[in-house]
Amino acid sequence: LDFISLHNYGASPRNFNDGSKSITVENNLAKHRAYVETIQAHGFGNTPLFIDEWGVASGGFYNREECPTLMYRESEVFSAYYAKLIHHMVYSDFRMDGWMICLSGQHEMVTDFSGFRNFFTLNFITKPIYNAHLMTSKMGDLLVESKAENDHVFAVSTKDEKGGYSTLLTYCSKHFEEDLPEITEELTFAEDISGKSVTIWCIDKTHNNPYRMWERAGKPEMTAELLKELRAEGLLKTLKVHSGSEPIRLKLTPNATYLVTVTE
């Protein structure tokens with residue numbers, strides 16, 4: 001074999017509905033570990049291994065009508081899940097050589113925020129999971145060590161060929177519930193970055209999050225003006241750019257995801 005490819009969906013809508021599973025990255029990790037054990041047992045332990053579909057749950061064509069829990073697909077929960085799963089996969093003890101993403105599921109949409117698995121809503125409003133994907137695309141190829149003192153902060157740091165650094169981090173509980181206090185954490189680099197530029201991106205309830213904007217407005221009927229505002233909110237925007245000589249302080253709310261880059 002030249003390679004092995006796998007699908008890894010941590011749960012199904014049925015699991016959420018009957019209460020047998022909840023939203024947690026441990027579902028995906030347990031499934032992948034079982035795959036790897038089987039692959040190794042049959043003598044393919046050195047074969048390149050790729051996940052070409054993954055997700056919190058299968059059933060891309062299921063929405064909130066079949067399973068109310070699937071509304072995580074519209075919010076900051078999915079982007080936080082993505083960042084935390086990256087962290088756990090990077091620091092796991094099993095093989096994985098590549099990881100792609102499948103977000104089919106938009107074919108039956110009749111409303112914008114309906115819980116289907118996709119990057120965009122019916123009227124092409126960008127979802128947080130898409131922006132999380134854009135944030136990870138800004139990371140480098142070389143993994144560097146990162147540590148978090150808070151047990152609910154999960155960070156992955158990289159370096160690129162030009163010497164720039166990037167740190168992706170999220171703040172979340174095991175089941176991505178609203179059970180964490182708002183905190184402020186300071187990000188520091190071992191290397192002196194005082195002469196460099198720091199750029200910060202954020203996905204949380206109030207940044208790059210059209211669904212939460214619509215929710216705060218009372219979930220009104222869509223108008224041309226509202227769609228314009230929601231589309232603008234969905235475009236990934238920098239939260240802050242400043243000198244590396246300034247402290248890097250991040251306001252963390254439940255399921256917030258940040259990307260911090262350091263460049264010349």
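What follows is a short tour of a predicted model.

## The sheet

Start with the strands: three of them make an open sheet, ordered β1-β2-β3, and the pairing is parallel. The edges belong to β1 (4-11) and β3 (98-99), each with a single partner strand, so each has one side left without a neighbour in the sheet.

Now zoom in on the pairing of β2 and β3. Strand β2 covers residues 49-57 and pairs with β3 in the parallel sense over two bridges.

## Helices across the strands

Helix α2, residues 26-41, lies across β1 and β2, and runs at about 150 degrees to β1.

Helix α3, residues 76-90, lies across β2 and β3 instead. Its angle to β2 is about 140 degrees.

## The cysteines

How many disulfides are there, taking a disulfide as a pair of cysteine sulfur atoms within 2.5 Å? The count comes to zero. Take Cys172: the closest cysteine sulfur to its own is in Cys202, 13 Å away, so the two are too far apart for a bond. Seen from the other end, Cys202 is in no disulfide either, with the sulfur of Cys172 as its nearest cysteine sulfur at 13 Å.

Are these cysteines buried or exposed? Cys172 has 1% relative accessibility and counts as buried. Cys202 is buried too, with a relative accessible area of 1%.

How values were computed. Residues numbered from 1 in each chain as written. Predicted model: local features only at pLDDT ≥ 70, side-chain atom pairs only at ≥ 80, totals over all residues. Heavy atoms only, no water. Pairing = 2+ DSSP bridges. Helix = DSSP H or I, 4+ residues; strand = E, 2+ residues; numbered from the N terminus. Contact = heavy atoms within 4.5 Å. Axes fitted to C-alpha atoms, helices over the stretch in contact; angles between N-to-C directions. Disulfide = S-S within 2.5 Å. Buried < 20%, exposed > 50% of the residue type's maximum accessible area, 1.4 Å probe, protein only.
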